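Here's a quick tour of one chain, written to be read with the model open beside you.

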Amino acid sequence: DKQRTATRVAVYLLGTRGTTILLGKRKNAVHMDGFYSLPAGHVVEFESIFDAMIREAKEECDLDLTSQDLTLLGAM
């Protein structure tokens with residue numbers, strides 16, 4: 001029942017520990033199934049980009065993040 005915004009805003013998590021980057025293997029995905037990617041997802045209506053990233057990190061990686069854990073690296 002989640003409605004994507006008309007502009008289709010997406011967020012990507014660049015999670016690092018030292019020189020290691022967090023990647024997930026796409027499973028049962030329509031696009032690029034079986035490939036590795038950054039945790040990511042679409043922003044739903046009335047959701048902030050930080051709230052979207054916190055939600056996607058939990059859904060895709062079972063990570064419990066807060067807005068203080070996140071830094072905006074860029075937008076385009």
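## Ground rules

This is a predicted model, where local features need pLDDT of at least 70, side-chain atom pairs count only at pLDDT 80 or more, and totals for chains, interfaces and linings use all residues. Numbering starts from 1 along each chain as its sequence is written, and side-chain values use heavy atoms, with hydrogens and water left out.

## Fold and dimensions

You're looking at 6 strands and 1 helix, running β-β-β-β-β-β-α along the sequence. The radius of gyration is 13 Å, close to the 11 Å that the globule rule gives for 76 residues, so the chain is as compact as a globular protein of that length. Helices here are DSSP runs of H or I with at least four residues, strands are runs of E with at least two, and both are numbered from the N terminus. The radius is taken over C-alpha atoms, and the rule is 2.2 Å times the number of residues to the power 0.38.

Along the principal axes, the C-alpha atoms fill a box of roughly 35 × 30 × 25 Å.

## Burial and contacts

Of the 76 residues, 20% count as buried (under 20% relative accessible area; exposed is over 50%, partly exposed in between, with a 1.4 Å probe and protein chains only). As for contacts (heavy atoms within 4.5 Å), residues 24 or more positions apart account for 47% of those with a separation of 6 or more.

## A look at Arg-8

Arg-8 sits in the segment before β1 (10-12). Its relative accessibility is 52%, so Arg-8 counts as exposed. Its C-alpha atom is 12 Å from that of Ala-52, 44 residues apart along the chain.
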